[in-house]
Amino acid sequence: MWSAFCFRLLSAVKLYLLGFKVLLAQLLNKPLRLPVMPRQDGRVAIVTGGGRGIGYEVVRHLARLGAHVIIGGRDEQEGLAAIQRICAEYKEAKGGVMLVPEGRTDDGFEQHFAVNYLGHFLLTWLLLDTLKDSGRCGYVSSVVNVSSSVHRIGEIKLNDLNCCQHYSAHAAYCNSKLAQLLFSSHLHQEMQRGRVPVISCAVDPGMVDTALYCHLWTPLRMAQRLIARLLFRTPVEGAATVLLAALSPALDGDCGGGYWANGHREVTTPPSFEPQLQLSLWEISLQLLSLQ
């Protein structure tokens, strides 16, 4: 009991201290102003969590550029069936969650792990052949995972991906964002080795004033609302780095990939690019989803 309490407390303190540090850095840097992008007529984009927040602004911008946009859902409890449905409709998702109470999806997976990571892994896997074929038509296909700076304090325990040993919503969220980055990096390397016209990258949009923080403890939520109005980025500003990472490699012949923040690539923590950890997580994810 005591060890579990200490684990939850330490996880929360680490997350909020990092958040304070990120907010200070954010205040010292002007938000990215997205350059003028060319028309995207004939291109298709699937945006998970596109009904509000950053996802909604990404959808709006892509639609204005002429892209055909498919919006994924965000029922946190529904499980992976929604991902299968999105792929089936496309061929003829989920949005992010943060600090949700301990629980499982209909498939039995911890919610942060399932919604933030595993669902996106499945969506990408099911559409990978389509992405490859689309790239062959003269375009580079892009897979953009919206990660977070909190991946820096995340930890991947391959024997406890569902956080059964000790549960902390703060730790589970950070872990899911690290998993996203590991998956994104491994996918990009695999595509580059196979000379496939698909790029994969992870993006940190910064601290953005969205509904992502709705599960905060009530006093913290009230404080966050006040601070967010004054200091957080707007969803439009948060969407800019996502759009830049998705669209600019196709413009200038860039090989893509990497971890993007503030409109450019950044070096991140060594575990994020550990080849064996990437491979192990990839293989376990395939097993969990019965894909091999």
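Helix α5 supplies seven residues to the lining of the second largest pocket, the most of any element. This is a predicted model, in which local features need pLDDT of at least 70 and side-chain atom pairs count only at pLDDT 80 or more, while totals for chains, interfaces and linings use all residues. Residues are numbered from 1 along each chain as its sequence is written, and side-chain values use heavy atoms, with hydrogens and water left out.

**The second largest pocket**

- A pocket is found on a 1 Å grid over the protein atoms alone, as an open set of points where a 1.4 Å probe fits, with protein on both sides within 12 Å along at least five of seven lines; lining residues have an atom within 4 Å of a point.
- The volume of the second largest pocket is about 380 Å³, where a volume is the space filled by probe spheres set on the points, and the points are joined across faces, edges and corners.
- Its lining has 24 residues, and Phe7, Glu155, Lys157, Ala171 and Asn175 lie nearest the centre.
- At least two lining residues come from each of α1 (2-27) and α5 (169-193).
- By type, the lining holds twelve nonpolar, seven polar and five charged residues. Nonpolar covers Ala, Val, Leu, Ile, Met, Phe, Trp, Tyr, Cys and Pro; charged covers Asp, Glu, Lys and Arg; the others, Gly among them, are polar.

**The chain as a whole**

- The protein chain has eight helices and six strands. These are DSSP runs numbered from the N terminus: helices are H or I with at least four residues, strands are E with at least two.
- From the N terminus, the order of elements is α-β-α-β-α-α-β-α-β-α-α-β-β-α.
- Of the 292 residues, 51% count as buried. Buried means under 20% relative accessible area, exposed means over 50%, and partly exposed lies in between (1.4 Å probe, protein chains only).
- The chain exposes about 14,400 Å², and carbon and sulfur atoms supply 58% of that area. Accessible areas come from the Shrake-Rupley method with a 1.4 Å probe.

**Salt bridges**

- A salt bridge is a side-chain nitrogen of Lys or Arg within 4 Å of a carboxyl oxygen of Asp or Glu; this rule gives a count of four.
- One of them joins Glu57 and Arg60 at 3.3 Å, N to O. Both residues lie in helix α2 (residues 53-64), three residues apart, which is about one turn of the helix.
- Glu57 counts as buried because its relative accessibility is 14%, whereas Arg60, at 35%, counts as partly exposed.
- Another joins Arg193 and Glu190 at 2.5 Å, N to O. Both lie in helix α5, again three residues apart.
- Arg193 has 54% relative accessibility and so counts as exposed, while Glu190, at 32%, is partly exposed.
- Arg152 and Glu266 also form a salt bridge, at 3.9 Å, N to O. This pair links distant parts of the chain, 114 residues apart: Arg152 is in the loop between β3 (141-146) and α5, and Glu266 is in the loop between β6 (264-265) and α8 (275-288).

**A nonpolar surface patch**

- Phe20, Leu24, Leu27, Leu226, Ile227, Leu230 and Leu231 make a nonpolar surface patch of about 680 Å². Patch residues have over 30% relative accessible area and no salt bridge; like charges are joined within 9 Å, and nonpolar side chains (Val, Leu, Ile, Met, Phe, Trp, Tyr) within 5 Å.
- Two or more patch residues come from each of α1 and α6 (218-231), and α6 gives the most, with four.
- Ile227 lies in helix α6 and counts as partly exposed because its relative accessibility is 36%.
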